[in-house]
Amino acid sequence: MGRSCWITFRVLLAGLWLVGLAPLFALANSEPEFHGAPFIRAWSPPEYGGHAQNWAVHQAANGLIYVANNRGLLEFDGATWRLLPLPDGAVPRTILSDAQGRIWVGAAGTICVLEPDGNGKLQARSVTSELQVEGGSLGTFFWSQAEEGGRALLFAADTVVVRVREDKKAEILSAGVQVRLYTWEGGTPLLQLGQRPKLSSFLVRQGRLVAAPELDGLRFAHSQPDGEGGLMLFGLNEWSRWRGGQESTRQRIPGLAENDSVRGAVALDGGRRFALATLRGGVVVVGPDGRWLERWSRADGLPDNTVRALGADRQGGLWLALNNGLARLQVASAIRAVAPGRGVDQSVTALAGDVGGRLWIGGPQGVQVRGPGEARFAARDDLPSDVFGLASLADDELLVAGRGLQSVRDGRALPTVVDRTTAATGVPLLLRGGRIAAVPSVQGVGLYTRQGEGWSERIPLRGVQGVVQTLALGDDDWLWLVRDGREVLRVRAEGESILTATAEPLGAAAGADPARLLRAKVVRWGGAIWLVDEGLKRWEAALGRFVEPPEIPAEWRSPVYQRPFALPDGSLWLQRRLDEDETSLGLVRLAWANGRVNAQEWNLPWVTRLNPQALRLEADASALWIGGYGGLVRLALADTPGHETSAPVAQIRRVASGGREIFGGSRSASAETRQLAVGQQALRFEFGAPWFLTDQRGTSPLRWRSRLVGFDEQWSEWSAEPRRDYTNLPAGDYVFQLQARAWGEAGPVDAFFFRLPPPWWGTWWARSLQAAAVVGLIVLLTRELSQRALRNRIARLEAAAGIDRERLRIARDMHDDLGSLLGRVALLSERGLEQLDDRAAASETLRRIRETAQALSAATRDIVWAVNPQNDTLEGTLDHLALWVETALGEAGVRCFVDLPTAIPLRQLGSQRRHALLLAIREATQNLLKYAGAREAHFTASLDAGGTLTLVLRDDGRGFAPGEVHGTGYGLQSIAARLSSIGGSARVESQPGQGTTVTLILPP
């Protein structure tokens, strides 16, 4: 009986717990509605060059990020991680910085300060080596806090508190008892000494411990100001609030698992939210009332769920020191993204909601849905894939357009109409009072009619073929569409179930320029049809064309727009191109007000390559879901549009030559000119910018350009490479200038001034040696000039001898050619006198005298042409030879074809060479006339790349066999001898009946 009563009592107790406590527990641990996660950038140990485990994150006054890592202190400048070792291999646990730019580190058994040396490189040293405590060890300094005004720094270990003054002198403030260091109102340090339940509380003011008995009973592990003069107090798994000397009731921190605990806390938005680092659950965010707001974990892209500590930067970023890596979350932003870990692992081409509060997305892999209060999207395997259109109907029906059409009612999939031959390209439209669904597709417009709870088989809209990239419903069931990216159609659908289309193409005359329709869309908004073809135009039926409406301000008509979306609240959203590459997202919202259109713009450069395909406005119009090929993001419209960011400030972080560091970059390079060492002609400049924003993929948009004034003529191209190398720099004064840019906005210029001294040969003694060398060179040059004058004199003498040889040649020619011809004239004249009685004989003799006189005249002209220096050009020589051949052959009745080069270089050709060429061509021409019996001939001249001249005389005469000789054979020998005398060669080629080819080759 007793046992039975005990069982009954336990059952009743369990029932009371279920009725009374279980709902509270469920409320505390239920998932809040998920709105996406901040943009996350993560680093693995190989990327930052340290150990996997990190302990603290701190942003110093110079904007750089410092991380306490098991291998030392990590430094990040926005581009490059550097590992700074500490004395004796100390492992840092907490980090602070002061106004002088010094970095302070609390580690195991020591406190270190890092400050720049003369070259700007951080050097670490311990400031606690002289401190002594009972037991000999200071312990590990896990906590640190600056006094009011930053005049001193406090570091706390388990049983020791050390105060470090501005002059770097360290003193023990407390020792021997358990200690915890917290932040109180206004940043005042709060010490709690002793062990529970006997805790003594002290505020630290100007180096003195001021008792605070009203705080003695408080128990917590972390504290953060709540922005209203109070504090949020967090224990390992509970929270409370202290305000006005009173503490609120302690409550369990919502969202924590039974085996989880809080490791740190950071206030966000001035105390409107608090981010809590947890041991196993990532980051939990709660409100000032302790309500659980959201969680960010590995499902959102964090490398690890064990968060050791949190730190905030001045750009609204939350840094996480993880057990396995590092991460930064852009918490100060109206934009959130949904990571694949939350179920969205595809492109999002369709968005819709239903009356049940569910959010539906569609894409190439099918349909996914997220119910109210759920944290992830679940796949619907019972719905089609390749979804490009979702339409939410008023009676809680959802139309899914993919390869076919299917409807969903109250979350339940109805029978599917499958069509494997085509795919939808947009959102379904309802016609005929909702009895017909029209779906744009790659094969025109598909029509489906209602059949019970589902839809009938697809019937193509007759008269409309091709790829329909957009579809809109006008008045009286007029369908508007853009087809094949080439034309806008206005379609009148006729009939009841099987519709036939009467299509009316609209061209440039109607305001639809075919050249701008490749990505154009038509949309119904404000009771009218609009065409978005990079511009924004409305259809005016009275004018029969698209026009720019006067209701829209002029500054909002001209921008380049794409992808219009008309939403149920009566607004029209358009994508606005922010850059030429269309990599960044800009959205414009247009809405009617008092007969005018108001515009609001969101420039979201950190959302890159999203390519929006679908928009969904939340029921309360507080946020906009944007789906595209880059995933799914959420824009909180209640916040200020966009997230204002200043331009990045470039910093020259390191200058090195040959592995030797010249400048460490931990202080400003200033305008002081640095004297480099001799031989440091190869320099590497490394740079960064304490600017940490990323796009939704976690990619940094930082770009740099630089120039070396005194060496570079202009700036380099913008590059993501955070370094620049120079080699073989000459001596001189230089200024290296650096500028950073992000999302098109460039910041100020940083500069490094330096002087590169000349090498040893530029010193005074080297110059003396150079002067002596110059004198010796002058002597040698004088001697050379004397010898050159002698050589010139010899050359002149040789030239004079050449002239004499030329005169001798002319005399020989006149004697041989002209003399022989004149003698022949004399002989023929005497014979003519003897033949006066014989008229026929005398006539023949007179004819021969005339021919001889003509030959004498031609020979005289050739000799004069050869000696005239005005003809000493290659072009003149070729023209003369061609004219001679053409005239001689023409007078003999032989057709002559001449082919000379179109571009003849300006080149000198001496009289001897010209004369030899002329005689050789003349001999070849005379042989052609005497023996060839030709009807036509070709004279060709050509020059190769080396300047060799080739002359070819080819006829179609009778030819001759090899070895056959006509006449004395002296003519062919003469041709070869004349070319040989001027360094050339001749070649004669012939076959009986195939003509003769004479080739003359003259090198340059």
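This is a predicted model: local features need pLDDT of at least 70, side-chain atom pairs count only at pLDDT 80 or more; totals for chains, interfaces and linings use all residues.
Reader: What makes Arg82 and Glu686 a salt bridge?

Author: The closest N and O atoms of Arg82 and Glu686 are 2.9 Å apart. A salt bridge requires a side-chain nitrogen of Lys or Arg within 4 Å of a carboxyl oxygen of Asp or Glu, so the pair qualifies. Arg82 lies in strand S5 and Glu686 in strand S63, so the pair ties together parts that are 604 residues apart in sequence. Both belong to a network of salt bridges that also includes Arg653 and Arg654.

Reader: Why is Glu686 called buried?

Author: Its relative accessible area is 12%, and buried means under 20%, so Glu686 is buried. Strand S63 is mostly covered, with 5 of its 6 residues buried.

Reader: How do you know that S63 pairs with S60?

Author: Two strands pair if DSSP finds at least two bridges between them; 5 bridges join S60 to S63, so they pair. The two run antiparallel, and Val655 has Phe685 in S63 as its bridge partner. Phe685 also stands opposite Arg724 in S65, a strand joined to S63 by 4 bridges.

Reader: Why is Arg450 called partly exposed?

Author: Arg450 has a relative accessible area of 31%.

Reader: How does the span of helix H5 compare with the expected one?

Author: Helix H5 has 18 residues and reaches 26 Å from its first C-alpha to its last, close to the 26 Å expected at 1.5 Å a residue. Just after H5, Gly893 takes a positive phi of about 85°.

How values were computed: Residues are numbered from 1 along each chain as its sequence is written. Side-chain values use heavy atoms; hydrogens and water are left out. Buried means under 20% relative accessible area, exposed over 50%, partly exposed in between (1.4 Å probe, protein chains only). The expected span of a helix is 1.5 Å times one less than its number of residues.
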